[in-house]
Amino acid sequence: MLRAANLPLYPGCETHTQMSVIGRMSSLKTDFRIPERLYDELCQFIIELLPKDNRMTTSFYDTKKQISALGLPVEKIDCCVNGCMIYWGPTASMTQCGECGVSRWKSDNNPRKQFHYFPIGPRLQRLYASATTASHMRWHAEHRTEDGEMCHPSDSEAWLNFNATHPDFARETRNVRMGLCTDGFNPFGSSGQQYSCWPVILTPYNLPPLMCMKKQYMFLTVIVLGPNNPKHKIDLYLQPLIHELKLLWEDGIQTYDVSKRQN
């Protein structure tokens with residue numbers, strides 16, 4: 001991929017590389033919901049317009065293949081259709097719910113219900129791998145505040161109390177503080193089918209206020225699909241996230257900080 005990032009789209013091209021075109025095309029497909037078939041046709045048309053020795057992506061399949069290493073990992077975890085339990089960790093091998101007794105599988109041996117979990121570690125590492133964000137991850141400790149004014153959670157008494165309680169953690173300003181939130185919504189609108197989908201979002205509070213509330217830094221970590229509201233059982237779906245957060249707290253992960261050029 002590093003090689004693709006330095007290869008011009010065609011000999012003499014100074015505006016785009018092979019990887020920049022792939023990234024831009026992928027972004028356009030997502031932003032405008034371009035069907036895969038139209039994406040393939042556009043790629044073929046652009047290839048016809050470019051010189052013969054171009055390196056344009058040929059199809060959506062080819063695009064996914066080339067950027068697969070850039071993709072963030074996702075885990076599809078089976079769960080009880082009634083929301084009683086998830087098949088993960090010590091219960092991963094169970095074939096039916098331990099509470100309601102409903103089978104885990106459909107008649108075609110596919111799971112009845114799943115939810116998605118997006119590991120948080122790789123995305124936090126990317127904040128330090130990018131020159132755009134790496135230095136800002138220390139903002140919470142380096143910014144100056146006026147007495148009596150709170151412009152960021154790091155100015156609050158709760159934050160300062162946490163620093164006093166965990167001085168070893170607070171000593172390394174690049175350690176990450178995060179906030180968790182969730183809420184349900186109906187993707188089909190008020191007049192459509194009754195369906196309750198619950199996203200769980202983590203926000204890194206190391207960043208300055210103008211950055212940490214932007215959607216690109218609000219990390220979707222869990223999607224609990226409907227149609228039923230998980231209500232008081234949503235903690236079941238948070239088990240993989242809590243497990244990873246405990247690992248990050250106790251052991252941490254080795255991360256390269258591009259702004260200081262050190263781990």
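How many helices and strands are there in the protein chain? The chain holds eleven helices and five strands, where helices (H or I, at least four residues) and strands (E, at least two) are DSSP runs numbered from the N terminus. The model is predicted: local features need pLDDT of at least 70, side-chain atom pairs count only at pLDDT 80 or more, and totals for chains, interfaces and linings use all residues. Residues are numbered from 1 along each chain as its sequence is written, and side-chain values use heavy atoms, with hydrogens and water left out.

## Overall dimensions

The C-alpha trace of the protein chain spans about 60 × 60 × 40 Å along its principal axes. Of the 263 residues in the protein chain, 33% are buried; buried means under 20% relative accessible area, exposed over 50%, and partly exposed in between (1.4 Å probe, protein chains only). Among contacts in the protein chain with a separation of 6 or more, 56% link residues 24 or more positions apart, a contact being heavy atoms within 4.5 Å.

## The sheet and its helices

The five strands form an open sheet in the order β1-β2-β5-β4-β3, with antiparallel pairing; two strands pair if DSSP finds at least two bridges between them. Strands β1 (75–78) and β3 (178–182) stand at the edges with a single partner strand each, so one side of each has no neighbour in the sheet. From one strand to the next, the twist averages 20 degrees. Axes here are lines fitted to C-alpha atoms, for helices over the stretch in contact, and angles run from 0 to 180 degrees between N-to-C directions.

Helix α5 (residues 121–129) packs on the sheet and touches β3, β4 (198–204) and β5, its direction making about 165 degrees with that of β5. Helix α11 (residues 239–250) also packs on the sheet, where it touches β1, β2, β3, β4 and β5; its direction makes about 25 degrees with that of β2.

Strand β2 (residues 114–117) pairs with strand β5 (residues 219–224) over two bridges. Five bridges join β3 to β4, and five join β4 to β5. One bridge from each of these pairings is listed below.

| Residue | Bridge partner | Strand of the partner |
|---|---|---|
| Histidine 116 | Isoleucine 223 | β5 |
| Cysteine 181 | Isoleucine 201 | β4 |
| Valine 200 | Valine 222 | β5 |

Strand β4 is mostly covered, since six of its seven residues are buried. In β5 lies threonine 221, which is buried with a relative accessible area of 0%. Leaving aside neighbours within four places in sequence, threonine 221 is in contact with His116, Tyr117, Phe118, Ile120, Arg123, Val200, Ile201, Leu202 and Leu241.

## The largest pocket

The largest pocket has a volume of about 880 Å³. On a 1 Å grid over the protein atoms alone, a pocket is an open set of points where a 1.4 Å probe fits, with protein on both sides within 12 Å along at least five of seven lines; lining residues have an atom within 4 Å of a point. The volume is the space filled by probe spheres set on the points, which are joined across faces, edges and corners.

By class, the lining has 14 nonpolar, ten polar and seven charged residues. Ala, Val, Leu, Ile, Met, Phe, Trp, Tyr, Cys and Pro count as nonpolar, Asp, Glu, Lys and Arg as charged, and the others, Gly among them, as polar.

Phenylalanine 169 belongs to helix α8 (residues 167–171) and is buried, with a relative accessible area of 17%. Beyond its neighbours within four places in sequence, phenylalanine 169 is in contact with Phe162, Asn175, Val176, Arg177 and Trp249.

## Backbone exceptions

Most residues other than glycine have a negative phi, and most peptide bonds are trans. Arginine 33, in the loop between α2 and α3 (36–49), has a positive phi of about 55 degrees and is exposed at 74% relative accessibility. Arginine 261, in the segment after α11, has a positive phi of about 55 degrees and a relative accessible area of 70%, so it is exposed. The peptide bond from glycine 226 to proline 227 is cis, with omega near 10 degrees; proline 227 is found in the loop between β5 and α10 (234–237).
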